[in-house]
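Subject: Structure handover

Hello,

Here is the structure I said I would pass on. My notes on what was found in it follow below.

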Amino acid sequence: MRLLEIEKRARSLGINETWKYSKKELITGIQRKEGNKECFATRTRFVCGQMNCCWKSDCT
């Protein structure tokens, strides 16, 4: 997903001043706000079973 799309999604969830954050920080913030496990680009990505995750292609 492109950074502009990630920033838009983050803002829609109340994460403001998105320019302050890295892509990883934005995605983990989105995961947190949505009530999901904050696993983007962590060690758990190698054993992730979430095949329908919208971040999957960016994470691996």
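K23 and D58 form a salt bridge (a side-chain nitrogen of Lys or Arg within 4 Å of a carboxyl oxygen of Asp or Glu), with their closest N and O atoms 3.5 Å apart. The two residues are 35 apart in the chain and link distant parts of it, K23 lying in helix α2 and D58 in helix α3 (residues 56-59). Helices here are DSSP runs of H or I with at least four residues, numbered from the N terminus. Both partners are partly exposed, K23 at 32% relative accessibility and D58 at 25%; the term covers values between buried (under 20% relative accessible area) and exposed (over 50%), with a 1.4 Å probe and protein chains only.

This is a predicted model, in which local features need pLDDT of at least 70, side-chain atom pairs count only at pLDDT 80 or more, and totals for chains, interfaces and linings use all residues. Residues are numbered from 1 along each chain as its sequence is written, and side-chain values use heavy atoms, without hydrogens and water.

The salt bridge count is four. Among them, K20 pairs with E17 at 2.6 Å between the closest N and O atoms, and R32 pairs with E38 at 3.1 Å, N to O.

Beyond neighbours within four places in sequence, I6 contacts (heavy atoms within 4.5 Å) M1, K23, L26, I27, I30 and W55.

Regards
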